[in-house]
Every structure is written in structure tokens, then in C-alpha cells.
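Me: I would like to learn how to read a protein model. Could we go through one together, feature by feature?

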Amino acid sequence: MNYRGIIFDLDGVLLSTDEYHYRAWKALADRLGIPFDRERNGLLRGVSRMESLEILLEKSARTYSEEEKQAFAAEKNARYRELLSKLTPADVKSDVRQTLLDLRALGLKLAVGSSSKNTPYILERVGLQDFFDAVADGNGITHSKPHPEVFLKAAEGLGLPPAACLVVEDAHAGVAAAEAGGFDCAAMGDAREDPRARWHLKGVPDLRGCL
Ligand code: BG6
Ligand code: MG
């Protein structure tokens, strides 16, 4: 087996919370009269909340003060948290859950590496708060993806070098972060065809073919 650890992105990989991010940003954009669609939403994947807001505001006809931006980010997060509050363990698809159990049974160490500050809340909602061997998230990093910091922290938490870990990502920024940190990457979803990834997956269950 090539890898000793697997580091999972959260939104759009382990869970479909990427859709909730989209809906919450879309509601804010509509309220402000700023054009925003699913294609543009792809640019927000993997990057921090404030960086996401800056990308959204690029299409605005006017500029906003720092105070207004903080308020917009809080408004988006409140709407996002409302959607997250409805998550239950059933939101982890059964084939994803089974794959996690199978990978662990093979002796692999498993981690989460996410830019989201809501990671602890989400893991708790779906009952995975004690499942992973390490969790690195937006609360403990200074640079979000495409910087490799969050994956390097996750690998450190696993006690493994990057070369022994596989990163699983749905964001181009995440694939770039994996490459910058010296990790192999399995890309899926939005980033599936990204040429920087070593593996191109339909979904998490395909990970079994990467080992
Ligand atoms: C990432 C998402 O996982 O987390 C981004 O892909 C999001 O779209 C980022 O902006 C930050 O999330 P949060 O929950 O801290 O606002
Ligand atoms: Mg993601």
C-alpha cells in the first residue's frame, strides 16, 4: 500500500455542505444585487470565508467598508449555520461511511483538512466528532488553501510526512494546496479533472482503487 494516511477535505468531499455554502452566498449576493452563479461559486471552494466574500464582491458595482464586509460575512455564516443545524448522521452517505470504516480497517490513519471554521460543529452534527485521528481546520490556520498549511497540520496530527498521505479534494485550490505541500491528491467533483491530481475519482468510494 502506497499511503499510510488519508486527509479528507470536508465540504463537498465527506458531506454535501458545499451546496449550503452556495445557497448562503447566493442569498447574500441576491440581496446586494451582485451577479453570482454556480460557476462563480466554484472559485469560492476551499478558500476562507473572507476571501470568498472578496471574490463575490469583485462583481459588485460599488465598494464596501471593512465594517460592511464583516457584517456580510456574519450574515452569510448565520444563514449557513441555520442550514447546518439540520444536519444529522444520515447526511453522511452510507457508501462514504462504509469507505471510511474500510480504510480504517486497512490500518490507514484518517484526518480532516478543511478551511472551514465550522468544521467542529459539522462533525458534531453528523456524529463524526470522535472518528478522525486528526482534524485541522480554519480555526487553527493563518493561510487557507491553496496554501498547504491545513494539510501540513493534518499530516503532523497524524504523525506522518506528506509523502505518506493522500489528500482528497473537490476544490482546485485544494488540489493546488496538496501539490504545494508535497502530497498526492485524489480529486473529485468540481476539481475532478484537475491535471495536478494523481487520481481522478467519481466519489469517495473510489479511494479503494488508489491504495
Ligand atoms: C471551505 C469551503 O471548506 O470552507 C469554502 O470550501 C468556505 O467555500 C471555507 O469558504 C470557509 O468556511 P467557513 O465555514 O469557515 O465559512
Ligand atoms: Mg471542498
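**Reading the model**

Reply: Start with one pair: Asp190 and Arg45 form a salt bridge, with 3.5 Å between the closest N and O atoms. The model is a predicted one.

Me: What can side chains of opposite charge do when their charged atoms come close?

Reply: Side chains of opposite charge can pair when their charged atoms come close. In this model the rule finds two salt bridges across the interface of domain 1 and domain 2.

Me: Which residues belong to domain 1 and which to domain 2?

Reply: According to the domain assignment, domain 1 takes in 5-16 + 89-210, and domain 2 takes in 18-84. The centres of domain 1 and domain 2, taken over C-alpha atoms, are 24 Å apart.

Me: How is the size of an interface often given?

Reply: The size of an interface is often given as the accessible area lost when the parts come together. Here about 1200 Å² is buried between domain 1 and domain 2, and carbon and sulfur atoms give 45% of that area. Ser16, Asn118 and Tyr121 supply 35% of the area that domain 1 buries against domain 2, more than any other three residues.

Me: How many residues of each domain are in contact with the other?

Reply: There are 16 residues of domain 1 in contact with 15 residues of domain 2. Polar contacts can be counted too: between domain 1 and domain 2 there are 10 residue pairs in polar contact, both residues at pLDDT 80 or more. On the side of domain 1 that touches domain 2, helix H6 (residues 119-125) gives the largest share, three residues. That side of domain 1 divides into five nonpolar, five polar and six charged residues.

Me: Now the ligand. Which residues are the closest to ligand 1?

Reply: Ligand 1 is surrounded by 15 residues, and the closest are Asp11, Arg49, Ser116, Lys117 and Asn118. For some of these, look at the distances between polar atoms. In the side chain of Asp11, an N or O atom is 2.6 Å from an oxygen atom of ligand 1. Arg49 has a polar side-chain atom 2.7 Å from an oxygen atom of ligand 1. For the side chain of Asn118, the distance from an N or O atom to an oxygen atom of ligand 1 is 2.7 Å.

Me: Where is Ser48 placed?

Reply: Ser48 is in the loop between helix H2 (38-41) and helix H3 (49-57). The side chain of Ser48 makes a polar contact with the side chain of Glu51, at 2.7 Å. Ser48 and Asp137 are 89 residues apart in sequence, and their C-alpha atoms are 10 Å apart in space.

Me: Back to salt bridges. How many does the count come to by this rule?

Reply: The count comes to 17 salt bridges. In one of them the side chains of Lys145 and Asp9 meet, with 3.0 Å from N to O. Lys145 is in the loop between strand E3 (134-136) and helix H7 (149-158), while Asp9 is in the loop between strand E1 (5-8) and helix H1 (17-32), so the pair ties together parts that are 136 residues apart in sequence.

Me: What kind of peptide bond joins Lys145 and Pro146?

Reply: A cis peptide bond joins Lys145 and Pro146, with omega about 15°. Pro146 is in the loop between E3 and H7.

Note on methods
Residues numbered from 1 in each chain as written. Chains lettered and ligands numbered in written order. Predicted model: local features only at pLDDT ≥ 70, side-chain atom pairs only at ≥ 80, totals over all residues. Heavy atoms only, no water. Domains from an automatic or database assignment. Contact = heavy atoms within 4.5 Å. Buried area = accessible area lost by both parts, 1.4 Å probe. Salt bridge = Lys/Arg side-chain N within 4 Å of Asp/Glu carboxyl O. Polar contact = N/O pair within 3.5 Å; in protein donor to acceptor, adjacent residues only side chain to side chain. Helix = DSSP H or I, 4+ residues; strand = E, 2+ residues; numbered from the N terminus. Nonpolar A, V, L, I, M, F, W, Y, C, P; charged D, E, K, R; others polar. Near = heavy atom within 4 Å.
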